[in-house]
Amino acid sequence: MTSWSLRGLPERARCLVMGVVNVTPDSFSDGGVLYPDGHPQTAIAHGLRLLEEGADVLDVGGESTRPGATPVPVEEELRRVVPVIEALADAGAVVSVDTSKPEVARAGVAAGAVIVNDVSGGADPELLAAVAETGAAYVLMHTRGTPAEMAGLAHYEDVVAEVYEFLAEGLARCQAAGIDLARVAVDPGLGFAKTADHNLALLRALPQLRGLGRPVLVGASRKSFLGRLLDGAGPDDRLEGSLACAAAGVLGGASLLRVHEVRATVRVARVAHAIATADVGA
Ligand code: HH2
């Protein structure tokens, strides 16, 4: 395994673990369990717990991408995420803001986030301009359409080639917008306009996606294709599936894993790293 870097993130030879902090009442993965009262303190406490469990990055998001989720106006998204980002950054966390809105990206970085995680695939030139302007790191993820439309758009002749091409074009758009590519990671967007077969093909193709020359992020945690593989298990009963993907991610050369269960993932990633590298050190 080669060492990698994403300027703005701690430099590590191993795969980093990004813990999910959903500040949403309707995320598919936790159904608002972690944010039942609309109070930032609940999400902050969850983030601090993930930090203790060994998360390298905390990804704070205020809008669910679940198909059918209610779109969140800018003011509400800001109200949800800004206090949480501030508190977690103050506590020493490396924070990422999960948003596709330029206003939220700008405010998130001003509040202490150093990464903008954009599940829209760089669809909004304004967002790319905001990333360039703030100097934040950026996650470019493959998707098609809006969350409401994406399930109907899961048709590919060759999913790996088409995702690769989309990300290559996206990197070119990032560069044209003035973003330093040394700050960009790419993500195949598992579950976004993909069937279970597409997700599995992309997990197998991580070494090819590394051919884009940028660190690869994998977000498989608790996704519905794992429920299908595990006899219909619900989102909070997909741990083993999520961990199997984490191991596959490390062995495939992923640089970041976006996950809900941090402690278990850190332990699996450590062992998978040792298998991949024969490095049993710290
Ligand atoms: N998946 C989700 C959200 N953000 N970001 C990246 N880069 N990659 C992903 O695969 C990804 C993502 C969906 O998961 P979750 O946040 O748990 O659910 P929801 O969008 O319903 O809040």
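**View 1. Residues around the ligand.** Of the 19 residues around the ligand, those that come nearest are Ser27, Ser29, Thr65, Asp187 and Lys223. The model shown is predicted. Sorted by type, the shell around the ligand holds six nonpolar, eight polar and five charged residues. The ligand itself sits in the largest pocket.

View 2. Asparagine 117 places a polar side-chain atom 2.7 Å from a nitrogen atom of the ligand. Arginine 258 also takes part through its side chain, with a polar atom 2.8 Å from an oxygen atom of the ligand. At glycine 219 the polar atom belongs to the backbone, and an oxygen atom of the ligand lies 3.3 Å from it. The ligand taken alone exposes 470 Å², and the protein buries 99% of that.

**View 3. Cysteine 15 and cysteine 245.** A disulfide is a covalent bond between the sulfur atoms of two cysteines. The cysteine sulfur closest to that of cysteine 15 is in cysteine 245. The two sulfur atoms are 13 Å apart, which is too far for a bond, because a disulfide requires a pair within 2.5 Å. Cysteine 15 has a relative accessibility of 4% and therefore counts as buried.

**View 4. Cysteine 174.** The relative accessible area of cysteine 174 is 0%, so this residue is buried. The count of disulfides in the model comes to zero.

How values were computed. Residues numbered from 1 in each chain as written. Predicted model: local features only at pLDDT ≥ 70, side-chain atom pairs only at ≥ 80, totals over all residues. Heavy atoms only, no water. Near = heavy atom within 4 Å. Polar contact = N/O pair within 3.5 Å; in protein donor to acceptor, adjacent residues only side chain to side chain. Areas by Shrake-Rupley, 256 points an atom, 1.4 Å probe, with all protein chains shown as cover. 1 Å grid on protein atoms, 1.4 Å probe; cavity = no way out; pocket = protein on both sides within 12 Å on 5 of 7 lines; lining within 4 Å. Sits in = over half its atoms within 2 Å of the grid points. Nonpolar A, V, L, I, M, F, W, Y, C, P; charged D, E, K, R; others polar. Buried < 20%, exposed > 50% of the residue type's maximum accessible area, 1.4 Å probe, protein only.
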